[in-house]
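Dear colleague,

Please find below the structure that I am handing over to you. My notes on what was found in it follow directly after.

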Amino acid sequence: MKKLVALVFAAAACTLGFSYSAREILGDETYERLKVEGVIQTNRFKPESVEFKLVPKTEVAEKNFGEWTKGTELPAMIGENLYLLPKKGSSIGEVSVILRAISNLEGSTYYSNRRKKWEVLYKEAYCIKGPEDSEKVPDYTKGSADGQVQFCMLNDNSLGRTNYRISYLQSENEIAADFMNTTSVSIGPVKAVSPEKLKIGVVFIDCGEEYVVYMALKAKFFNLGVLEDRMMKSLGARLDAIYNCFMKQIEGDQK
């Protein structure tokens, strides 16, 4: 009987133009918690394994974040954020454009827990020609993002100027963006994170009347002494800050 119900649901989902149920890809417990809280956030410092516990069970999400578990090097930090929000008309195609329009991140604001006030998250944000380049190029947002790669420079309020490689995966119902630093990440004069040791990823999943949004962060940084706590706090707050930057655009509230 359960199999029959599942088949009927799947057929109906395809007819309506979507194929995922938020409850099914998250599990009952996680889904019910998100319905109440809206977001689940976890940060793990000096983890004993490279494990991402909140990844939704979908093709693009599992493919993208499955790559993050490969290798034997343990990160200094793993962060995961999971969101559930009502779908307000934006399609996956429209979200795909927003995730590739890097220049629109410039001037985005966030609440700094350290300074207890709103500040600019990215003082500058634009696409560049290559991994160590500085020449500005236009955002490329045409067509499907699937398999697309572009490079960008983000001048972060706390982490300074850093270049990133962004790779994208897209299907009819999902869009994922995967950021990896190609230059060092610094706190002041200290180079805290070597190239290719910071990854930030996001996936938007169309579940009919809802969007499931999953974000993750993996970082390997040096033993920074007194700066280590600052690094953890800065990175720990980044997922929510970046999510809010994208959501302002999706909701048409970009400044």
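At 26% relative accessibility, Glu124 counts as partly exposed, because that value falls between the 20% and 50% cut-offs. Please bear in mind that this is a predicted model. The side chain of Glu124 forms a salt bridge with that of Arg161, with an N to O distance of 2.5 Å. Glu124 belongs to strand S5 (residues 122-128) and Arg161 to strand S8 (residues 160-170), so the pair ties together parts that are 37 residues apart in sequence. Arg161 is also partly exposed, at 46% relative accessibility.

The other salt bridges

Searching the whole structure gives 14 salt bridges. In general, side chains of opposite charge can pair when their charged atoms come close. One of the salt bridges joins the side chains of Glu32 and Arg23, at 2.6 Å from N to O. Glu32 counts as partly exposed, with a relative accessibility of 39%, and Arg23 likewise counts as partly exposed, at 33%. A network of salt bridges links Arg23, Asp28 and Glu32.

A further salt bridge brings together the side chains of Lys233 and Asp229, at 3.3 Å from N to O. Both residues lie in helix H6 (residues 226-250), and because they are four residues apart there, about one helical turn separates them. Lys233 is exposed, with a relative accessible area of 54%, whereas Asp229 counts as partly exposed at 41%.

Strand S12 covers residues 198-206, and nine of its nine residues are buried. In a regular strand, side chains alternate between the two faces of the sheet.

S12 and S13 form a hairpin with three residues between them, and Gly208 in the turn has a positive phi of about 80°.

The chain as a whole

The protein chain contains six helices and 13 strands. Its radius of gyration is 18 Å, close to the 18 Å that the globule rule gives for 255 residues, so the chain is as compact as a globular protein of that length. Taken along the principal axes, the C-alpha atoms fill a box of roughly 60 × 40 × 35 Å.

Of the 255 residues in the chain, 51% are buried. Among contacts with a separation of 6 or more, 65% are between residues 24 or more positions apart. The chain exposes about 12,800 Å², and carbon and sulfur atoms supply 52% of that area.

With kind regards

How values were computed:
Residues numbered from 1 in each chain as written. Predicted model: local features only at pLDDT ≥ 70, side-chain atom pairs only at ≥ 80, totals over all residues. Heavy atoms only, no water. Buried < 20%, exposed > 50% of the residue type's maximum accessible area, 1.4 Å probe, protein only. Helix = DSSP H or I, 4+ residues; strand = E, 2+ residues; numbered from the N terminus. Pairing = 2+ DSSP bridges. Salt bridge = Lys/Arg side-chain N within 4 Å of Asp/Glu carboxyl O. Rg over C-alpha atoms; globule rule 2.2 N^0.38 Å. Contact = heavy atoms within 4.5 Å. Areas by Shrake-Rupley, 256 points an atom, 1.4 Å probe, with all protein chains shown as cover.
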